[in-house]
Amino acid sequence: MRRTGLAGVVVVVAGIAGQVVAQDRPLSADFAEVYRVGGVNAPDWAFFTGRSPTGFDAAGNLHVLDMQYPQVVIIDPRGRLVRTVGRGGEAAGEFDAAADIFVWRDGRFVVMDRGQNAYQVFGPEGELEHYVSRGGGTGLFTSFSNERARMRPDPAGGALIAQGMPSFMGDVLSGVFEQMAELTGQSVETPEPGVDDRGLERLDLTGDVVSATPILRTWRVPRLEAQEELSIEDLADPSTLAGIMNLVRYFEPFMSWDVLPDGTLAYSDSTAYAIKLAQPSGQVIGVLRRPIQAEVVTDRIRQATIDNELRELEEGMASAESETAALAGIFAETIDDQRRLVEERGFYPEIQVVRGVEATWGGALWIQRRGEDPWDDSGPIDVFGANREYVGTFAEGETEMPAAFGPGGLVVFWEFDELDVPTIVVKRLPEEVR
């Protein structure tokens, strides 16, 4: 329990009582370990530099995008190297600023490269199949305007399912990207606006340029929008960006979603425990519920939340002071503005129950709830089977969400030692939670 003082303890106890009405059916996270790769003594191909994007194919091969090296490392179901794909560079098949990987079940995979503003599609043997422009000009600044909040591979292959970025972020940052591109001699062509963070679209990767088709629009939280674009000069004042973030209130519900193996979309878009199931066309066909209610925000919760934000602000300033004097100076000049913005930020009236939605390889759903503290996203994880029936719950701290789900119950977790050197740990889930 976090050290929030008496008021914080009251908030925590009241929160637990308010959010847990249903009786959880306990699940054990004693998963069998299959293999591990990485660590300080790892071979070069397995010496990863951080938590990297991962994905499985139907053969159980794990694909890991090492963004720093950069290359794709493919590991077989026994933890042995199959091959590495790619290298640094600006040609097709090379990676300029590789940022994400998406693996289709047949072994084909896609690397999203910000530096080339493109999706590169590779075959099962690691050969480059084709190169798909993300649209607009080239370079990082145009690529940033093509960003999505989250993407998942379409189970049917040949496409990705994507969630857009918050509309206010695009509105205020587009001017900055244009100015920075101009200063560096890059060309910027603003792409056609797509869905925002409350919608999903299908990105067709079969052509030379990506083609986006909106498929789902969810409930939208009423919100004030930014009034004007930012300039490079505005970014010199950290309080400016903090002020923009204040457009989003504390506890404002966000959209969590994933794609099931048959293409069904599963998503949460409100404070309620309601996981909506929609056809690939976007038509809602069902809702999964548990009798767990959203908690009402009280004055005690407001104060505890502000205290927590101020504490994190102070810790950030202390960290900056330990890094460089220049960084510490920037924080010191704006700390009063930062505190004021923390205290002035508004509150949504309820606290969202669902904080994460993940689909397993076999069609089950893992639903992460809020934690003990109202602002904690890492709470208990409920499991619904492929038949849409509630299976049970992993208690808070029992397990984290896997980085990827694979065939036969394979899942990926990342572990870090005292030096922050990562190790990939692949485990196998029992039948009931696959």
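Guide: Two strands count as a pair when DSSP finds at least two bridges between them. Strands themselves are DSSP E runs of at least two residues and helices are H or I runs of at least four, all numbered from the N terminus. We're looking at a predicted model, where local features need pLDDT of at least 70 and side-chain atom pairs need 80 or more, while totals for chains, interfaces and linings use all residues. Residues are numbered from 1 along each chain as its sequence is written, and side-chain values use heavy atoms, leaving out hydrogens and water.

Visitor: How do you know that S21 and S22 pair?
Guide: Strand S21 (residues 365-369) and S22 share four bridges, in the antiparallel sense. The rule asks for at least two, so they pass. In one of those bridges, Trp 366 has Val 383 as its partner in S22.

Visitor: And what joins S22 to S23?
Guide: Four bridges again, running antiparallel, with S23 covering residues 390-394. Val 383 stands opposite Gly 392 in S23, and Phe 384 has Tyr 390 as its bridge partner. S22 and S23 form a hairpin with five residues between them.

Visitor: Which way do the S22 side chains point?
Guide: Ile 381 and Val 383 go one way, Asp 382 and Phe 384 the other, and all are buried. Buried means under 20% relative accessible area, exposed means over 50%, and partly exposed is in between (1.4 Å probe, protein chains only).

Visitor: What makes S20 and S23 edge strands?
Guide: The open sheet has four strands in the order S20-S21-S22-S23, paired antiparallel. Strand S20 (354-359) and S23 each have a single partner strand, so one side of each lacks a neighbour in the sheet.

Visitor: Why is Arg 388 called partly exposed?
Guide: Because its relative accessibility is 25%, which falls between the two cut-offs. Arg 388 sits in the loop between S22 and S23.

Visitor: What makes the phi of Arg 388 worth a look?
Guide: Most residues other than glycine have a negative phi. Arg 388 isn't a glycine, yet its phi is positive, about 75°. Asn 117, in the loop between S7 and S8, also has a positive phi, about 50°, without being a glycine. At 1% relative accessible area, Asn 117 is buried.

Visitor: Why is the Phe 109 and Phe 122 pair called stacked?
Guide: Rings of Phe, Tyr and Trp (its six-membered ring) pair if their centres lie within 6.5 Å; planes under 30 degrees apart are stacked, over 60 edge-to-face, the rest tilted. That rule gives 11 aromatic pairs. For Phe 109 and Phe 122, the centres are 5.1 Å apart and the planes at 10°, so stacked it is. Phe 109 belongs to strand S7 and Phe 122 to strand S8, 13 residues apart. Phe 109 is buried at 0%, and Phe 122 is buried at 2%.

Visitor: And why is the Phe 251 and Phe 347 pair called tilted?
Guide: Their centres are 6.0 Å apart, which passes, and their planes meet at 50°, so the pair is neither stacked nor edge-to-face but tilted. Phe 251 is buried at 13% and Phe 347 at 17%.

Visitor: How do you know that Arg 290 sits over the ring of Tyr 390?
Guide: A charge counts when NZ of Lys or CZ of Arg is within 6 Å of the ring centre and within 35 degrees of the ring normal. Arg 290 lies over the face of Tyr 390, at 4.0 Å from the ring centre. Arg 150 lies over the face of Trp 257, at 5.4 Å.
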